[in-house]
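Morning, everyone. Have a look at the screen.

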Amino acid sequence: MKTVGERIKSIRKTNHLEQKSFSQFIGVSQGTLSDIENNRCKPSFETMEALGKQFLLIWNG
């Protein structure tokens, strides 16, 4: 089973976005997005909410 960070990275790559533009869509810095994708920190509720509003989330993949 993928981690939350791996799933977020997968969403970003599926949408053919680089970290900089993806992080702007969800309202975090590029550094924070990198930390999330590499499981150094967990996304906040607000970040998860922004992901839900901007992108179709598939959590079972």
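One definition before we start: a helix axis here is a line fitted to C-alpha atoms over the stretch in contact, and angles run from 0 to 180 degrees between N-to-C directions. Keep in mind that this is a predicted model.

Now the overall layout. The protein has 4 helices and 0 strands. Along the sequence, that reads α-α-α-α. The C-alpha trace spans about 25 × 20 × 20 Å along its principal axes. A compact globule of 61 residues would have a radius of gyration near 10 Å, and the protein agrees, at 10 Å. Of the 61 residues, 33% count as buried.

How do helix 1 and helix 3 pack? Helix 1 covers residues 4–14, and helix 3 covers residues 30–37. Their axes sit 7 Å apart, at an angle of about 120°. The two helices are therefore oblique to each other. Helix 1 brings Gly 5, Glu 6, Ile 8, Lys 9 and Arg 12 to the contact; helix 3 brings Leu 33, Ile 36 and Glu 37. By type, that is 3 nonpolar, 1 polar and 4 charged.

Is Ser 23 buried or exposed? Its relative accessibility is 2%, so Ser 23 counts as buried. The Ser 23 side chain reaches the backbone oxygen of Lys 20 at 2.8 Å. Leaving aside neighbours within four places in sequence, Ser 23 is in contact with Val 28, Ser 29, Gln 30 and Leu 33. Leu 33 also belongs to the contact of helix 1 with helix 3.

That's it from me.

Definitions and conventions
Residues numbered from 1 in each chain as written. Predicted model: local features only at pLDDT ≥ 70, side-chain atom pairs only at ≥ 80, totals over all residues. Heavy atoms only, no water. Parallel < 35°, antiparallel > 145°, perpendicular 65-115°, else oblique. Contact = heavy atoms within 4.5 Å. Nonpolar A, V, L, I, M, F, W, Y, C, P; charged D, E, K, R; others polar. Buried < 20%, exposed > 50% of the residue type's maximum accessible area, 1.4 Å probe, protein only. Polar contact = N/O pair within 3.5 Å; in protein donor to acceptor, adjacent residues only side chain to side chain. Rg over C-alpha atoms; globule rule 2.2 N^0.38 Å.
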